Amino acid sequence: MQNKVGIFGYPISHSISPVFQQAAFANLSIKATYEPWLVSPDELEGKVNSLRNNDYFGANVTIPHKVQCINYVDEVDLWAQKVGSINTIVNRQGKLYGFNTDSAGFLMSLRAEANYHPQEKTALVIGAGGAARAAVHALVKQGAHIVIANRTVEKAYDIASEFEIVDSVKVVDRFSEGFEQACDNASLIVNCTPMGMKGGQFQNESPLDSSHIKEDVLVYDMVYNPVITPFLREAEKSGAETVSGLSMLVFQGAESFKLWTGKTPSISVMSKAARRALNS
Ligand code: NAP
């Protein structure tokens with residue numbers, strides 16, 4: 001009987017997924033344990049294979065394994081293929097399926113927290129790593145126009161080149177006038193860099209200061225620890241509406257939970273547990 005699930009990462013002690021996923025299992029009276037699994041890149045293939053055992057629902061996957069894991073599962077969902085990484089593995093009778101729930105989690109959180117619908121709107125995405133890729137794919141699929149700005153501009157071009165609808169995704173140099181214009185034109189600005197992340201090298205930094213944030217823009221920070229980041233504080237100074245990445249973390253986790261169990265977990269139970277874990 002399936003009763004085990006966990007998250008692969010390296011490091012892993014910072015992850016709060018075990019706390020809010022365990023709360024979701026308890027709330028639905030499902031007898032299962034969700035564990036943090038410290039797995040080095042060398043151990044990854046073996047650990048993924050061990051999920052084929054009947055005991056396992058599957059796993060979540062986090063930094064630095066999201067791209068590499070694609071090679072160790074049997075089938076990869078079309079959406080995850082487009083994003084180029086997986087964050088969820090599902091064990092179905094010994095066969096392993098890879099999914100990416102980050103994009104869905106991002107869109108769900110935009111809708112739930114700010115009633116934001118991206119169709120025909122213009123979004124500025126700052127960063128060009130895995131989180132930016134998930135955001136850009138989600139927004140393009142919804143019919144938004146995207147501008148990507150990144151410290152290493154070539155990486156932004158790499159993402160933009162993946163889209164056939166070339167008019168939908170543009171790139172601006174992070175340090176040009178075009179960047180200032182993009183800030184003015186956007187109805188949504190998303191930070192997809194680790195700037196502001198607790199314990200990180202840039203924990204006190206914001207990708208933008210308040211002078212570049214209009215009052216009527218929605219400001220979204222993928223960074224979720226702390227819940228109120230330097231970027232969100234700058235946005236608050238401008239009077240802009242803000243959304244913390246904690247909401248996306250919970251929604252992507254809820255999508256993984258549904259894939260493993262076929263059941264819909266309580267977002268409220270998961271969110272409360274996640275906030276408690278960050279504050280402890
Ligand atoms: P990543 O793949 O390492 O990409 C990081 C991006 O940020 C790169 O494009 C990098 O630019 C840029 N960057 C890093 N430091 C910078 C700085 N000091 N100034 C300007 N740009 C900088 O990381 P990721 O996986 O995309 O994650 C990014 C953040 O999102 C992390 O804090 C992560 O925890 C968070 N995240 C949250 C969720 C959620 O559910 N809320 C999900 C995924 C990720 P270069 O290309 O120049 O190196």
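Tutor: This is a predicted model, and six aromatic pairs are found in the structure. One of the pairs involves W37 and Y56: the ring centres are 6.0 Å apart and the planes stand at 75 degrees, an angle over 60, so the pair counts as edge-to-face. The two residues come from distant parts of the chain, with W37 in strand β2 (residues 33-38) and Y56 in strand β3 (residues 56-61), a separation of 19 residues.

The ligand is found in the largest pocket. Its shell comprises 21 residues, and the closest are A128, A131, N150, T152 and M222. By class, twelve residues of this shell are nonpolar, seven are polar and two are charged. Among the helices, α5 (130-141) and α9 (245-261) each contribute at least two residues to the shell; the largest contribution is that of α9, with three residues.

A128 places a backbone N or O atom 2.9 Å from an oxygen atom of the ligand. At M222, a polar backbone atom is 2.9 Å from a nitrogen atom of the ligand. As for solvent exposure, the ligand taken alone exposes 940 Å², and 81% of that area is buried by the protein.

Key:
Residues numbered from 1 in each chain as written. Predicted model: local features only at pLDDT ≥ 70, side-chain atom pairs only at ≥ 80, totals over all residues. Heavy atoms only, no water. Near = heavy atom within 4 Å. Polar contact = N/O pair within 3.5 Å; in protein donor to acceptor, adjacent residues only side chain to side chain. Areas by Shrake-Rupley, 256 points an atom, 1.4 Å probe, with all protein chains shown as cover. 1 Å grid on protein atoms, 1.4 Å probe; cavity = no way out; pocket = protein on both sides within 12 Å on 5 of 7 lines; lining within 4 Å. Sits in = over half its atoms within 2 Å of the grid points. Helix = DSSP H or I, 4+ residues; strand = E, 2+ residues; numbered from the N terminus. Nonpolar A, V, L, I, M, F, W, Y, C, P; charged D, E, K, R; others polar. Phe/Tyr/Trp six-rings, centres within 6.5 Å; stacked < 30°, edge-to-face > 60°.
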